[in-house]
Amino acid sequence: MTCQRRGLFQWVKRRIVAVMTLRVYRHPISGHCHRVELYLSLLGVPHELIHVDLSSGAHKQADFLVKSPFGQVPVMEDGEVTLADSIAILTYLGERYDEARRYWPRDALERAKVQRWLSVAAGQLAYGPAAARRAKLLGDKLDYDATVRISQRLFGVMERELTEAAFLVGSQPTLADLALYAYTARAPEGDVSLEPYPAIRAWLGRVEALPGFVPMLVSRS
Ligand SMILES: N[C@@H](CCC(=O)N[C@@H](CS)C(=O)NCC(=O)O)C(=O)O
């Protein structure tokens, strides 16, 4: 190959890689976004983070609603694929990029156990610690006492299960741990204390020790 043709080949290759780079539309204080960023980082998948300015309402503009009909982050673009919803994105990444299935088990029962916690991430975690934090950080008008009750019930269950096992589904980390991590770690930002839960605090440390771990921004100390 001549120098000129080799140069052209490299240029085309760089353009293809640039166009193909996986993109995540996100906001740095969102635990929903963090779980996606964490998985990509643990897997070592190159990606670009695109800041969505929630405070100016960028997520409710027509161009963003095409990507995310509910006007929420995160959204992932991977080549031709556009996908909203953190849990949908996690499972997509599990199928597409987690070739060794380190975090998204192949075994049907193991995967169902992970799914049980993904439902909790969209349920009690969202209505408990994530909502309490929104109330304290952003002044969302909601029943704060109810969010604290939901958080304490959730953390009670997690504490019991994490006393029995190192991670939420047995001895190895899975998507369950990645999905539950951020809003649990930042629960104190919603004035929900983790002091009564030593097993949860030890588990947070184990997640943080995973090679490739990335933290979520601390919003309030
Ligand atoms: N089910 C969605 C929920 C995502 C979500 O609640 N995103 C928040 C940021 S943490 C958001 O975009 N809120 C803006 C809004 O709902 O208007 C997911 O799992 O991704």
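Reader: With the side chain of which residue does the side chain of Ser86 make a polar contact?

Author: This is a predicted model, in which local features need pLDDT of at least 70 and side-chain atom pairs count only at pLDDT 80 or more, while totals for chains, interfaces and linings use all residues. Residues are numbered from 1 along each chain as its sequence is written, and side-chain values use heavy atoms, with hydrogens and water left out. A polar contact is a pair of N or O atoms within 3.5 Å; within protein, one must be able to donate a hydrogen and the other to accept it, and residues adjacent in sequence count only if both atoms are side-chain atoms. At 2.9 Å, the side chain of Ser86 makes such a contact with the side chain of Arg35.

Reader: Is Ser86 buried or exposed?

Author: Ser86 lies in helix 4 (helices, H or I with at least four residues, and strands, E with at least two, are DSSP runs numbered from the N terminus). Setting aside residues up to four places away in sequence, Ser86 touches His32, Arg35, Val36 and Pro74, where contact means heavy atoms within 4.5 Å. Buried means under 20% relative accessible area, exposed over 50%, and partly exposed in between, with a 1.4 Å probe and protein chains only. The relative accessible area of Ser86 is 4%, so this residue is buried.

Reader: What is the omega of the peptide bond from Val73 to Pro74?

Author: Pro74 is placed in the loop between helix 3 (62-67) and strand 3 (75-78). The bond from Val73 to Pro74 is cis, with omega near 5°.

Reader: What is phi of Asp85, and what is phi of Arg101?

Author: Asp85 belongs to the loop between strand 4 (81-84) and helix 4 (86-97), and because its relative accessibility is 43%, Asp85 counts as partly exposed. Arg101 is found in the loop between helix 4 and helix 5 (108-122); at 17%, Arg101 counts as buried. Each is a residue other than glycine with a positive phi: for Asp85, near 90°; for Arg101, near 55°.

Reader: Which residue has its backbone oxygen 2.9 Å from a polar atom of the side chain of Arg133?

Author: Arg133 is part of helix 6 (residues 124-138) and, at 4% relative accessibility, counts as buried. Its contacts, not counting residues up to four places away in sequence, include Tyr183, Glu189 and Met216. The backbone oxygen at 2.9 Å is that of Ile29.

Reader: How are helix 2 and helix 8 oriented to each other?

Author: Axes are lines fitted to C-alpha atoms, for helices over the stretch in contact, and angles run from 0 to 180 degrees between N-to-C directions. The axes of helix 2 (residues 31-43) and helix 8 come within 8 Å and cross at roughly 135°. Angles under 35 degrees count as roughly parallel, over 145 as roughly antiparallel, 65 to 115 as roughly perpendicular and the rest as oblique. Helix 2 and helix 8 are therefore oblique.

Reader: Which residues of helix 9 meet helix 8?

Author: Helix 8 (residues 175-185) and helix 9 (residues 198-208) have axes 10 Å apart and pack at an angle of about 120°, so these two helices are also oblique to each other. On the side of helix 8, the contact involves Asp177, Leu180, Tyr181, Thr184 and Ala185. The residues of helix 9 are Ile200, Trp203, Leu204, Val207 and Glu208.
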